[in-house]
Amino acid sequence: MSELNTQLIDFIDKNLSAEEHRKVEQAIAESSALKAEYLELKHMVTLMENAPQCTPSSKLKSNFDSLLAQEEEAIQSAKKGKSILFNPQFLMKYAAAAALLLVAGYFVGQNIGNKNTIETIAEEGQFTEAQMIAMLDEPSTSQRIKAVNIGYNMEDADDKIIDALIETMHTDESGNVRLAAANALKKFSSNDKVVDALIYTLEKSNDPMVTIEVINILASIKEKKALEPLEKIAKSNSHLNFVKDEAEVGIFKLKTI
Amino acid sequence: MKLNIFTITLLLTLAPFLITAQSQYEVNKSSGTLKVLSLSDVSIEGYDGNKIVFINVDRDEEENSRAQGLKAYNVGGLEDNSGIGLSVIEDGTSVTVREISNDDCCGCQDEYTIRVPKKMNILMEYTSNGGDDINISNVDGEIELNVTHNDIMLKDVTGPMSVKSVHGDIDVIFSQVSQSNPVTVASVYGYIDITMPSNTKANMNVVMNNGSLYSDLNINVLNKNINRNQNEQDTKKINANLNGGGVAFNLSTRYEDIYIRAK
C-alpha cells in the first residue's frame, strides 16, 4: 500500500495539511485506480458516519450488569494477584474479538453499497438519506441517476438532499446525471437556494441539453430573475443557435404568459 | 474454367481477411469500460470474446502514400498509436479511444466498427457538429451516450443505460431489461422509440412536453387526471407501471413523440 493510499482516510476526514491535501487531490485526479479507491472509501466513511446508533435494551443492560457482577465476584474469589488487564491471554481474546467485529463491520459496510443488495431492494422509498447521498458517488452513471430519482421521490427531502442534488447538477462528470439532477430540482423550486443554483447553471453550463432543461424549468416556474441571464444567452456568440432559440422562447414565456 | 472459378472464389473469400489484417487493432480486455470520444462514424458490436477489436472499415492506404510509415498526430497532440487512425489509451479498467483526424467539418472521417466483449460498459461522447448514426448492438454492459446531433440505434441491449441526444432520434430494442439500474433516454428535438419484451417489469416516468405517448403494452398509468387542463404550463408527465413495476424508465423529449412497443 503506497503512502497515498494510507493518506486517503485523512484526506476524506480533512486532517491533512493544505499542501498534502492538494497533493492527494491531484493524485486522485490523475489516477483512475486511486479515484475508484477514494470513492469506495468515501462511500464507506459516509455509511459509517450515518450508521444508526444501536441502544441496548434495558433487559440486555441489566443482564450484562449481573454478568459483570458475577465475573467480578469470581475473580475476587479466585484471589488472583496480578491485574487482569495485564494478562496477555485475556488481552488476546479481546483483541481477536475486536478484530472480528471490525472485519464483520467492513463486510456489512461493503454490502450496503453492493449492487446485488441494491437489486433486492426494489422500492426506491426504502433508501435512507445517507444511502442516497453515498450513491451519488458511485462510478456507475445509471446508479447515480437512480440516486437522483430517490432524492426526487423522498417525501421529506431536507436541505441535505437538496444540497446533494445541487452539487450533483453543478459537478457530476456525466451530462446525463447533471440533467437528471436539474429535473429533480424542479420539484424543490420553491426553495430560493434551488432557484439560485438553477440560475447559476443557466449561466455556467456548457452542456446544451442541461441549459435547455434549466431554461424550461425557470420559465415554467415564472422566475423573473432568469430574464437577465436568458437575454445574455439569446445575444451571446458562444451558445449554439438552438440554445439561443430556447432562450428566446423562455423570455417570451416569462414576459407574456 | 473450373479452376478459375475456384481461384476467384478463394480470393473473394480471403479478400476481407487480407484487408482487415491491415486495418484492425486489438486490445486484450474482457471487462471494464470502453470510452469512445470524438469518433463521428462508429458501430459497436458485442461478441463473446476477450479482446476489443477496432476496425477501420474504409481505410484507404492509397489515399496518402506520402504519409506511409509515418505516424499521424492531431491538434490535441494525440498520436495514432494503433496504425488505423485512432489513439487508443488503456488506463486501469478503462480503454479510451479518440479519432486522429483534423477533418472535423468535411465529413470525410473514416468509418469504424468496434467489436467488444459483450459485458463491457460503453461510454460515448460526441458533441461536435454533424456526426453519423451511432449503432450499438448486442451489449449487456452499461451504456452511456452523450451526443448532440447523432441519431442513435441500440439493438439487442439490456440496460442499464443513460442516453441523450439533443437533435437525434433514439431507437432502443431491448433483448431483455436488466433490473439493476435505471434506463434513462432523453432527446430535445428527436423521437424516442423503445421496443421491449411485453413481460418487462418497469416503472415508467415519461415526460413529453409537446408530444404524445404511443404504446401497445399494458401501461398502468398511476397519475390519472382526466380533468387536467391541457394548456397547463406544467410538464406533461406520465407515471405508470408495467407488469406490476420494476426498474425505472426515465424517458423524455421536448418536441417529439415517445413510442413504447412490445417485442
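The legends below describe close-up views of a predicted model.

Residues are numbered from 1 along each chain as its sequence is written, while chains are lettered from A and ligands numbered from 1 in the order in which they are written. Local features need pLDDT of at least 70 and side-chain atom pairs count only at pLDDT 80 or more, whereas totals for chains, interfaces and linings use all residues.

**View 1. Confidence along chain A.** Chain A has a mean pLDDT of 78, pLDDT being the predictor's confidence in each residue, from 0 to 100. Of its residues, 73% reach 70 or more. The pLDDT is below 50 over residues 80-84 of chain A, a stretch with 4 contacts in the model beyond near neighbours in sequence. Two residues are in contact if their C-beta atoms, placed from the backbone, lie within 7 Å. Residues 111-123 of chain A also stay under 50, and the model has 11 contacts for them beyond four places in sequence. Where pLDDT is low, the predicted coordinates should not be read in detail.

**View 2. Helices α12 and α14 of chain A.** Helix α12 (residues 208-220) of chain A packs against helix α14 (residues 241-256) of chain A at an angle of about 5°, with the axes 9 Å apart. Helices (H or I, at least four residues) and strands (E, at least two) are DSSP runs, numbered from the N terminus. Axes are lines fitted to C-alpha atoms, for helices over the stretch in contact, and angles run from 0 to 180 degrees between N-to-C directions. The angle makes α12(A) roughly parallel to α14(A), a term for angles under 35 degrees, with over 145 counted as roughly antiparallel, 65 to 115 as roughly perpendicular and the rest as oblique. Residues in the contact include A:Ile212 and A:Ile215 of α12(A) and A:Val243 and A:Leu254 of α14(A). By class, the contact of α12(A) with α14(A) has 8 nonpolar, 3 polar and 2 charged residues. Ala, Val, Leu, Ile, Met, Phe, Trp, Tyr, Cys and Pro count as nonpolar, Asp, Glu, Lys and Arg as charged, and the others, Gly among them, as polar.

**View 3. Helices α8 and α10 of chain A.** The axes of helix α8 (residues 141-153) and helix α10 (residues 175-185) of chain A come within 9 Å and cross at roughly 5°. α8(A) and α10(A) are therefore roughly parallel to each other. Among the residues that make the contact are A:Ile145 and A:Val148 of α8(A) and A:Ala180 and A:Ala184 of α10(A). The contact of α8(A) with α10(A) divides into 7 nonpolar, 3 polar and 1 charged.

**View 4. The side of chain B that touches chain A.** In this interface, 23 residues of chain B are in contact with 21 residues of chain A. On the chain B side, β10 (143-147), β12 (161-165) and β14 (183-187) each supply at least two residues, and β12(B) gives the most, with 3 residues. This side of chain B has 7 nonpolar, 11 polar and 5 charged residues.

**View 5. Parallel strands in chain B.** Chain B has 1 helix and 21 strands. Strand β9 (residues 134-137) and strand β11 (residues 152-157) of chain B pair in the parallel sense over 4 bridges; pairing requires that DSSP finds at least two bridges between two strands. B:Ile134 stands opposite B:Ile152 in β11(B). Parallel to β11(B) runs strand β13 (residues 170-174) of chain B, joined to β11(B) by 5 bridges. Here B:Met153 stands opposite B:Asp171 in β13(B).
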